[in-house]
4 protein chains.
Amino acid sequence: MKALVYNGPGKRSWHDVPDPVIQDPEDAIVRVDAVTICGTDLHILKGDVPTVEPGRILGHEAVGTITAVADGVRGVAVGDRVLISCITACGRCEYCRQGHYGQCLGGGGWILGHLIDGTQAEQVRVPFADRSVYKLPDNVSNEEAVLLADILPTSYEVGVLNGGVAPGDTVVIVGAGPIGLAALATSKLFTPARVVVVDAADSRRKAALDRGADLALGPDEDVEGAPATLHLEDLWIRNVTITTGLVDTFSTPRLLSMLAAGRLQLPGLITHRFGLDEMQDAYDVFADPATTGALKVALFGEEGF
Amino acid sequence: MKALVYNGPGKRSWHDVPDPVIQDPEDAIVRVDAVTICGTDLHILKGDVPTVEPGRILGHEAVGTITAVADGVRGVAVGDRVLISCITACGRCEYCRQGHYGQCLGGGGWILGHLIDGTQAEQVRVPFADRSVYKLPDNVSNEEAVLLADILPTSYEVGVLNGGVAPGDTVVIVGAGPIGLAALATSKLFTPARVVVVDAADSRRKAALDRGADLALGPDEDVEGAPATLHLEDLWIRNVTITTGLVDTFSTPRLLSMLAAGRLQLPGLITHRFGLDEMQDAYDVFADPATTGALKVALFGEEGF
Amino acid sequence: MKALVYNGPGKRSWHDVPDPVIQDPEDAIVRVDAVTICGTDLHILKGDVPTVEPGRILGHEAVGTITAVADGVRGVAVGDRVLISCITACGRCEYCRQGHYGQCLGGGGWILGHLIDGTQAEQVRVPFADRSVYKLPDNVSNEEAVLLADILPTSYEVGVLNGGVAPGDTVVIVGAGPIGLAALATSKLFTPARVVVVDAADSRRKAALDRGADLALGPDEDVEGAPATLHLEDLWIRNVTITTGLVDTFSTPRLLSMLAAGRLQLPGLITHRFGLDEMQDAYDVFADPATTGALKVALFGEEGF
Amino acid sequence: MKALVYNGPGKRSWHDVPDPVIQDPEDAIVRVDAVTICGTDLHILKGDVPTVEPGRILGHEAVGTITAVADGVRGVAVGDRVLISCITACGRCEYCRQGHYGQCLGGGGWILGHLIDGTQAEQVRVPFADRSVYKLPDNVSNEEAVLLADILPTSYEVGVLNGGVAPGDTVVIVGAGPIGLAALATSKLFTPARVVVVDAADSRRKAALDRGADLALGPDEDVEGAPATLHLEDLWIRNVTITTGLVDTFSTPRLLSMLAAGRLQLPGLITHRFGLDEMQDAYDVFADPATTGALKVALFGEEGF
């Protein structure tokens with residue numbers, strides 16, 4: 001099959017590699033029907049993520065069709081159309097038992113396109129399939145569903161829920177890229193009084209306003225754009241709390257059912273569409289949003305459109 | 001002044017009584033501009049609330065204009081247009097210090113129209129004024145504001161927040177009267193997947209559907225209308241939690257700002273309007289909703305319309 | 001092997017049955033070294049739990065040694081000394097993904113000694129072994145560990161955590177049997193100001209006082225012993241919350257590590273000890289606590305003492 | 001009366017000043033019976049807190065006897081022995097209504113010895129007395145009670161509660177001064193599995209171990225003592241949460257009742273005792289703990305011992 005391979009900092013290629021095969025009783029093999037590129041993939045290509053070794057197939061967001069499952073897989077079957085989540089989970093370790101799947105100690109967590117081969121390929125092996133893929137209802141399209149692989153649960157869990165957004169709050173989102181816009185959409189589930197978005201790019205501020213932001217600020221409006229030092233030694237007296245995190249994807253089933261019920265919408269977030277074999281072009285477009293206006297780019301297999 | 005007086009079970013009159021006067025350093029006197037009748041007032045009139053003594057002026061929901069304040073009042077002044085909340089609070093006792101104003105042990109809680117004279121009058125004395133009245137912004141009308149005196153914070157705090165409504169939940173509301181419809185509106189602040197309303201009256205089911213309920217069920221649809229015994233000895237294994245409560249009104253400032261910002265709407269909840277001196281007629285209409293279709297009735301002073 | 005079999009209401013026998021065998025890729029077979037009887041087993045024998053069919057081996061609390069594991073078991077191996085929890089978990093369903101293992105929809109939950117054969121036997125098959133057994137540290141004895149199978153997590157999760165016990169609280173525990181005494185021990189992890197225990201039996205009130213209860217009340221002290229009707233129609237105004245639940249056992253690893261670290265102690269809770277083949281005698285003693293003074297009875301295999 | 005006056009950076013004096021008088025309907029005047037010095041007072045003297053103006057009487061922790069109350073004070077009376085808390089509260093503003101008294105916008109918060117004259121004097125005026133002083137039960141000594149003015153609620157609310165300490169946790173406390181040792185005592189209310197204390201001073205590590213720390217580490221044990229930069233750009237993936245805050249003192253009544261009930265103990269925290277007029281000596285001892293071994297120093301009026 002063809003796949004997008006990381007060949008060390010600055011180098012990527014789309015070329016033939018062996019097809020994935022079942023390696024473990026909980027594996028599934030999935031034909032990739034729709035796949036996206038994440039900002040993290042660009043970081044990997046810059047060499048910022050040293051745990052990714054040359055030769056690795058990238059990608060951790062996709063929708064596909066199951067073509068094989070091992071004996072220990074119970075919840076999905078060959079032929080099922082599924083979301084492939086950025087997080088897999090052993091379901092046994094101390095973290096998994098608490099729902100902290102992103103911190104899995106049993107071989108899961110963020111491994112696709114990181115520690116094992118990923119989804120930017122014609123096929124992908126998904127470990128712990130019962131806890132890593134989600135069967136899709138018919139009324140959710142591939143293009144809608146693929147946003148659930150990472151940016152929707154990430155913005156919802158790490159941004160909105162950890163941030164404790166409540167009705168009537170003022171929410172400020174710094175950065176109106178795909179994650180920022182997903183945070184805008186998911187924060188509005190709690191009816192904040194006002195959502196303020198900050199971004200240096202006119203096009204992204206406009207994208208935020210089009211999706212319901214109440215105010216969009218740029219560098220002209222006295223928001224400092226440079227990296228800022230956080231002076232906790234002064235801020236503590238104002239009861240500042242800082243939360244961070246890697247997504248756990250515990251919210252994925254809930255978000256999927258809300259998407260299916262029409263309670264959550266992200267229209268227009270995918271700005272560019274490609275065929276799978278146009279992977280290199282898609283990377284070029286995604287890597288230069290100032291020129292291309294790209295938010296999220298998606299690639300589709302022949303049966304994925 | 002004129003006031004609606006409870007004369008014992010089944011008896012009410014609208015007649016002359018002495019004007020209220022300042023009795024305590026934290027009192028305010030308020031001219032009533034808009035006032036409503038609560039289902040609780042009907043219970044009192046039936047004799048169901050023995051702590052209400054004959055001679056008591058009823059009413060615990062109003063909007064008015066401050067005509068006098070005692071020395072210890074800091075936050076409001078003569079001439080301010082204010083919401084009079086159903087709950088007053090000493091601000092000193094153990095419960096008040098925890099925000100449980102409804103359980104105040106220092107002379108507050110639900111006292112208006114209950115343990116002291118209430119708001120169904122031309123004027124009313126409000127104790128602990130700094131924690132019992134709320135200055136109103138110009139863009140919130142008397143008619144909108146008076147719903148914040150009781151039904152909005154009650155449905156939000158006791159129903160929606162205690163009930164832990166979260167995005168994607170299914171919410172069932174039994175009874176589509178004023179409180180039920182306010183619970184419908186405030187539960188939607190959390191974007192539930194589905195709100196189901198149950199009521200025996202066609203008109204109230206329609207009112208619920210008009211305001212965004214996803215499903216409205218009546219006795220015909222196999223919902224038992226009779227009082228039900230709760231079999232906790234069978235239900236425990238399903239992790240049932242039951243929450244109850246008297247409103248604390250800690251959410252009133254937040255709800256008021258959301259109302260002012262257009263984030264919370266309850267159009268059409270007030271179905272009948274009267275002049276203050278039509279109090280008896282208003283009671284008759286409110287007490288017979290099956291005939292009159294009344295949801296909430298409001299009465300306005302000369303300067304209150 | 002020998003096992004305690006339920007033969008319909010009122011009938012139990014200890015007799016030969018076939019040895020359990022692996023049926024599923026996630027099964028383990030465990031030799032029972034220590035096992036207890038639960039009040040629930042007495043309910044089953046009375047016929048109160050119709051989902052238990054005649055022919056069923058009872059028991060859902062044990063410590064044992066693994067003698068066989070299927071291919072899909074990763075976390076434990078033959079020879080491991082393990083706690084067998086009352087709750088098993090598929091680890092895949094919506095409830096399991098939220099940590100609500102007791103409500104498992106994928107074949108787990110409370111099934112041992114209920115829907116499948118249980119632990120009151122020389123051997124037992126445990127499904128979903130990775131999420132149903134817990135490897136024991138050397139410094140935790142069988143007798144200490146077996147209390148973690150049910151009563152410690154049940155009292156901690158359903159009583160103490162759901163009840164929101166906090167430092168300085170007053171806690172009232174009705175019933176000073178094994179669960180009540182475990183609730184006493186686990187509530188003290190939060191340093192309540194006062195724990196009051198209510199029981200009709202002198203011996204159980206003494207057991208509670210010996211274990212740190214601040215006050216133990218019986219029927220003589222004006223506590224009504226008869227079943228009580230809960231008048232929610234009067235109690236709501238006092239902000240009453242009622243929580244119920246089946247244990248999920250999410251706390252079992254934490255409680256086990258606290259037991260190993262000496263942070264949690266339940267001395268003297270096991271009042272009677274038997275050999276496994278004295279199962280019928282053990283039931284007789286446990287079923288008549290008024291005469292025998294039994295709190296918890298334990299039975300040990302030859303290598304289990 | 002005599003008082004300790006801040007005369008600008010590096011300068012303090014104990015000299016005659018006018019007696020305080022009632023200025024507001026919610027004021028109380030309190031005779032100081034016991035008072036302590038806080039590390040914050042040393043910061044003020046260094047000039048680190050520019051909001052403190054020269055001429056200010058310092059001190060925000062004390063126990064005393066009420067000598068006068070204004071008309072609006074309801075909860076305490078002349079003659080009452082009271083704790084004076086470091087935080088006062090208007091009880092009216094948005095923050096106070098949420099229990100965030102430390103952030104009071106109505107004239108309260110941390111004002112004693114900061115924005116108004118403080119407690120290191122023979123008498124002190126306490127604004128908003130009903131929400132700023134706490135009547136003491138007879139069985140709590142002045143020396144015990146004075147620790148409730150600041151370090152106990154600060155360590156409990158900002159450290160233990162905000163930090164979410166739960167049974168079985170590992171807690172690390174950096175700095176074993178008075179606040180650190182109070183955090184040790186209050187974290188143990190939740191039965192952590194292990195409390196590790198880090199301090200460079202042998203005497204303070206010993207003080208921590210004497211009070212139940214499980215491990216006390218110094219610079220020799222590979223703990224870096226130098227200021228550390230927090231690399232959130234690397235730490236985010238491990239779900240790091242940072243909480244900060246100024247104490248609100250909502251927990252003061254609860255902590256006081258636990259102290260009275262013997263559920264909370266801080267023996268030996270006050271290492272040095274002085275008469276009120278030895279204020280300058282007390283500052284010298286407190287400012288040089290490396291030499292004097294001082295933890296907390298207390299000064300007592302003639303009737304305060």
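Mentor: Start at Arg74(D), which makes a salt bridge with Asp24(B), with 2.5 Å between the closest N and O atoms. A salt bridge here is a side-chain nitrogen of Lys or Arg within 4 Å of a carboxyl oxygen of Asp or Glu. Keep in mind that this is a predicted model, where local features need pLDDT of at least 70 and side-chain atom pairs count only at pLDDT 80 or more, while totals for chains, interfaces and linings use all residues. Residues are numbered from 1 along each chain as its sequence is written, chains are lettered from A and ligands numbered from 1 in the order in which they are written, and side-chain values use heavy atoms, leaving out hydrogens and water.

Now widen the view to the whole interface of chain D and chain B, where the rule finds six salt bridges. The count of residue pairs in polar contact between these chains, both at pLDDT 80 or more, is 16. A polar contact is a pair of N or O atoms within 3.5 Å; within protein, one must be able to donate a hydrogen and the other to accept it, and residues adjacent in sequence count only if both atoms are side-chain atoms. Sorted by class, the side of chain D that touches chain B holds seven nonpolar, three polar and seven charged residues. For these classes, Ala, Val, Leu, Ile, Met, Phe, Trp, Tyr, Cys and Pro count as nonpolar, Asp, Glu, Lys and Arg as charged, and the others, Gly among them, as polar.

In contact terms (heavy atoms within 4.5 Å), 17 residues of chain D meet 17 residues of chain B. Together the two chains bury about 1600 Å², with 36% of that on carbon and sulfur atoms. On the chain D side, Arg74(D), Arg92(D) and Arg97(D) lose the most area to chain B, together 49% of what that side buries. Buried area is the accessible area (1.4 Å probe) that two parts lose on being put together, summed over both.

Next, turn to where chain D meets chain A. How many salt bridges are counted between chain D and chain A? The count is zero. Here too, 17 residues of chain D are in contact with 17 residues of chain A. The buried area is about 1400 Å², and carbon and sulfur atoms give 54% of it. In chain D, Asn239(D), Ile242(D) and Thr244(D) lose the most area to chain A, together 36% of what that side buries.

Polar contacts cross this interface as well: the rule finds 13 residue pairs, both at pLDDT 80 or more. Helix H7 (232-235) and strand S11 (241-243) of chain D each supply at least two residues of the side that touches chain A. Helices (H or I, at least four residues) and strands (E, at least two) are DSSP runs, numbered from the N terminus. S11(D) gives the largest share of that side, three residues. By class, the residues on that side of chain D divide into eight nonpolar, seven polar and two charged.

Two strands pair if DSSP finds at least two bridges between them. Look for Thr243(A), whose bridge partner in S11(D) is Thr241(D). In general, strands of a sheet pair through backbone hydrogen bonds, either parallel or antiparallel.

For a parallel case, stay in chain D and find the open sheet of three strands in the order S8-S9-S10. Strand S8 (170-174) and strand S10 (215-217) of chain D are at the edges with a single partner strand each, so one side of each has no neighbour in the sheet. Neighbouring strands of this sheet are turned by 20° against each other on average, direction ignored. Strand S9 (residues 194-198) of chain D pairs with S10(D) in the parallel sense over three bridges, and Val196(D) stands opposite Leu215(D) in S10(D). Helix H5 (residues 178-187) of chain D lies across S8 and S9 of chain D, running at about 165° to S8(D). For such angles, axes are lines fitted to C-alpha atoms, for helices over the stretch in contact, and angles run from 0 to 180 degrees between N-to-C directions.
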